[in-house]
Amino acid sequence: MMAKIVAGIACSHVPAIGVAMDKGQTATPYWEPLFKGYQAAREWLAASAPDVAIVVYNDHASAFSLEIIPTFLIGVADKFPIADEGFGPRPVPEVEGHPRLAWHLAESLILDEFDMTIANEMPVDHGLTVPLSITCGQPSAWPFKVIPLCVNVVQYPPPTGARCFKLGRAIAKAVRAYQEDLRVVIYGTGGMSHQLQGERAGLINRPFDTAFLDKLTKDPMSLTTISHTEYMREAGSEGVEMVMWHVMRGALDDDAAEVYRHYHVPASNTAAALMILENRSAA
Amino acid sequence: MTRTNDYDDIPGTYVYDSERGRMGYALNMFCMSLNKADNRKAFKANEAAYLDRYKLTAEQRRAVLERDWLGMLKVGGNIYYTIKIAFCDGLTFQDVAGMMSGVSKEAYAQMMLAGGRSPEGNRYKATADAAEKK
């Protein structure tokens, strides 16, 4: 008996996507092209039927302020309430955790030299709930347990891409050592190119994003050397969120295969992508 | 002594680094308080009085009261925090992004629909300046 990571999901977490779903606007001419590309992924995920999702995301001044800024944090609670980010909590189901696996991950990662912060109580914001909404639709309860794994990308500097990739490797090792038959998926969220601030707001770099998506499957190590400055210059100041995708990729097998890709501009200020990578060993 | 960083030459970009973190802490923590509905109500009822609870500089205070979104970034505001003021006003991220980039809401929305702001000519300050001078 052992747990296994079956797939990785890369998914942008634009708040406006959540608002469009919550307000029933997904069929409007503006949103329809984006949402049309989500259907196949939802079907794939429903068929894959994971037991647990590890969701790598960043908190956006919701659970954590500038008071304490954890670089890597894991949520070990059995429930995570939906955060009020300044306009009331999203009307989505509460997120159920998997404390036993989460604690196992925390212990394993720390002993593997990743100095995780452990959260027993925390609300979760759009960074986590929007990818769930994108890939699960609007169920009355989320179809799997969720382990939130937060990465700081708000206060410069975020951890490097290379460090994030190695964290993914350590997560994979920890999951393999967990003695229970569990199908696990891991989400890497945020990105792609976008800039929300300054006179340069609205920057989108489709060639950068396309190259990133191409290499994520076949040559992920080459992406781990992209510096923060290169992300910010090429993919916008908030494009640096893409470091979180490396955690997901690092947790997958080297020969993981791309099974789905959707890319659309714009979702508000952002180039939105959704990509599924499957471990061949799990197929 | 002013430290230089390799991202300083990215035009129109305010990286929330240690320098801005020191400068903007009180401003951003005021914004953080707006996550609570009661605080949003109190802020909207009397903005000046509400701001008295926080140790803002005169310029930070002015920028908040005048909704000078770009000005807030220049005095240490972090966009994920200052956007909470915009949410209080019923504005969206896209509304504020348009205002920061100095174009109308319609022009900004149109730019995004057309594929967004191109990185061409927007990677380095010198290039951005040269392009503007043409």
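Student: Hey, how are helix 7 of chain B and helix 8 of chain B oriented to each other, roughly parallel or roughly perpendicular?

Tutor: This is a predicted model, so keep that in mind throughout. In it, the axes of helix 7 and helix 8 of chain B cross at roughly 105° and come within 9 Å. Angles from 65 to 115 degrees count as roughly perpendicular, and therefore that is the word for helix 7 and helix 8 of chain B.

Student: Which residues make that contact?

Tutor: On helix 7 of chain B you've got Q94(B), D95(B), A97(B) and G98(B). Helix 8 of chain B brings K105(B), Y108(B) and A109(B). Sorted by class, the contact of these two helices has three nonpolar, two polar and two charged residues.

Student: OK, zooming out. How many helices and strands does chain B have?

Tutor: Nine helices and zero strands.

Student: What domains does chain B get?

Tutor: The domain assignment gives domain 1 (18–91) and domain 2 (103–134). The C-alpha centres of these two domains of chain B are 27 Å apart.

Student: I clicked on Q60(B). Where does it sit?

Tutor: Q60(B) is in helix 4 of chain B, which covers residues 58–65. A residue needs 20 or more C-beta neighbours within 10 Å to be buried, and Q60(B) counts as buried because it has 24 of them inside 10 Å.

Student: What does Q60(B) touch?

Tutor: Leaving out residues up to four places away in sequence, Q60(B) touches L27(B) and V75(B). For a sense of distance, the C-alpha atoms of Q60(B) and S33(B) are separated by 16 Å, and the two residues are 27 apart along the chain.

Student: How many residues of chain B are in contact with chain A?

Tutor: 42 residues of chain B, and they meet 35 residues of chain A. On the chain B side, the elements giving two or more residues are helix 1 (18–33), helix 6 (79–88), helix 7 (93–100) and helix 8 (105–113). That side of chain B divides into 24 nonpolar, 13 polar and five charged residues.

Student: Switching to chain A. What order do the strands of its open sheet come in?

Tutor: The eight strands go 6-3-7-2-8-1-10-9, and the pairing is mixed. Strand 6 (117–119) and strand 9 (257–267) of chain A are at the edges with a single partner strand each, so one side of each has no neighbour in the sheet. On average, neighbouring strands of this sheet are turned by 20° against each other, ignoring direction.

Student: What about strand 8 of chain A, is it mostly covered or mostly uncovered?

Tutor: Mostly covered: six of the seven residues in strand 8 of chain A (183–189) are buried. Strand 1 of chain A (4–11) runs parallel to strand 8 and is joined to it by seven bridges. Strand 2 of chain A (52–57) also pairs with strand 8 in the parallel sense, over five bridges.

Student: Which residues pair up there?

Tutor: I9(A) has Y187(A) of strand 8 as its bridge partner. I54(A) is partnered with I186(A) of strand 8, and V55(A) stands opposite Y187(A).

Student: Which helix lies across strand 1 and strand 2 of chain A?

Tutor: Helix 6 of chain A (161–176) does, and it also lies across strand 3 (72–75), strand 7 (145–151) and strand 8 of chain A. Helix 6 runs at about 150° to strand 1 of chain A.

Student: Last one: why is helix 5 of chain A largely enclosed?

Tutor: Helix 5 of chain A (126–136) is largely enclosed by the rest of the structure because 11 of its 11 residues are buried. Among them are H126(A), L128(A), P131(A) and C136(A). Just after helix 5 of chain A, G137(A) takes a positive phi of about 75°.

How values were computed
Residues numbered from 1 in each chain as written. Chains lettered and ligands numbered in written order. Predicted model: local features only at pLDDT ≥ 70, side-chain atom pairs only at ≥ 80, totals over all residues. Contact = placed C-beta atoms within 7 Å. Helix = DSSP H or I, 4+ residues; strand = E, 2+ residues; numbered from the N terminus. Nonpolar A, V, L, I, M, F, W, Y, C, P; charged D, E, K, R; others polar. Buried ≥ 20, exposed ≤ 12 C-beta atoms within 10 Å, placed from the backbone. Pairing = 2+ DSSP bridges. Axes fitted to C-alpha atoms, helices over the stretch in contact; angles between N-to-C directions. Parallel < 35°, antiparallel > 145°, perpendicular 65-115°, else oblique. Domains from an automatic or database assignment.
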